[in-house]
Amino acid sequence: MENKIEIIGKNGQKLEITKAEKEKRANIKKVNDEFKKINAEKSKIINEQELWKYFFEKPKRNYNKYMYEMLEFPEYLMYNNENVDKYCGKWNDFFGNNNDIYLEIGCGSGNFTVQNAEKFKDRNYIALELRFKRLVLGAKKSKKRNLNNILFVRKRGETILDFIGKNEISGVYINFPDPWEGEERKRVISESLFSKLDIILKTDGKLFFKTDHEQYYEDVLELVKALENYQIVYHTRDLHNSEKANENIKTEFEQMFLSKHNMNIKYIEIKKIK
């Protein structure tokens, strides 16, 4: 039996562990210390460049490591509100072409939009997300594929009128938004959203909506019936067994959901008719 060594634990208690366990703890501490050192260096750079001011009221000692990584993808990622807002009505200038522009609200780590941008090179894509890690992952995927028709933007969906101009968007994707059970007024698909789409969405432009939530699906169908400028052109309670299945691009959530649950994905296409 291997001899035990007595050490003092984090809370001052005495512990008996093997020599191998002691070496393992030492290695873990070494890795953690290196991580802290790297994080401190990156935090210093963030403070020196005043990157923090785009997200916080005052500087901090430590930041989410992905804040620093955002600096590596200036061609794929925008987080400065002033820079984003100045392109309102001018996004075709940003992309350097007159191709249709599609918007995704809440893009996660970008799988859906990146695959769309790969599939439709004659379209431009703007993907909105708030979490630093997801933005960086999306930008990395775009850079790896050398895409020039995609941009990730750190913006909330309710602010689209600040940075999207009149009739500037040809299509909007909203995939698996929070159904806000019991607080339905907080849902992203609402009369308020359609009042914004009245401005930014071109005539014949579409809103594409996917959800796993039955009541959200039903409520959106009912909502659109009451809108004069929009009509439902397609809907199904079982997307993966419909005629749209072959052209469907799965989101990260969709892939995870399908692997763990036996529930149908609901899908609606809504067209702006005037």
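Mentor: Let's call it a contact when heavy atoms come within 4.5 Å. By that rule, and leaving out residues up to four places away in sequence, Glu252 touches Cys107, Gly108, Ser109, Gly110, Asn111 and Lys141. Bear in mind that this is a predicted model, where local features need pLDDT of at least 70, side-chain atom pairs count only at pLDDT 80 or more, and totals for chains, interfaces and linings use all residues. Residues are numbered from 1 along each chain as its sequence is written, and side-chain values use heavy atoms, with hydrogens and water left out.

Glu252 sits in helix H10 (helices are DSSP runs of H or I, at least four residues; strands are runs of E, at least two; both are numbered from the N terminus). A polar atom of the Glu252 side chain lies 3.3 Å from the backbone nitrogen of Gly110. Glu252 is partly exposed, because its relative accessible area is 24% (buried is under 20%, exposed over 50%, partly exposed in between, with a 1.4 Å probe and protein chains only).

Now Lys141, one of those contacts of Glu252: Lys141 is among the buried residues of H6, and those residues pack against H10, among other elements.

As for the site, the unreviewed UniProt entry's "binding site" annotation covers Asp212, Thr251, Glu252, Phe253 and Glu254. They're spread over 43 residues of sequence, yet cluster in space, with a largest C-alpha distance of 13.4 Å. UniProt annotations may be inferred rather than shown by experiment. Asp212 is in the loop between strand S8 and helix H9, and among the residues Asp212 touches is Phe253.

Methods. A polar contact is a pair of N or O atoms within 3.5 Å; within protein, one must be able to donate a hydrogen and the other to accept it, and residues adjacent in sequence count only if both atoms are side-chain atoms.
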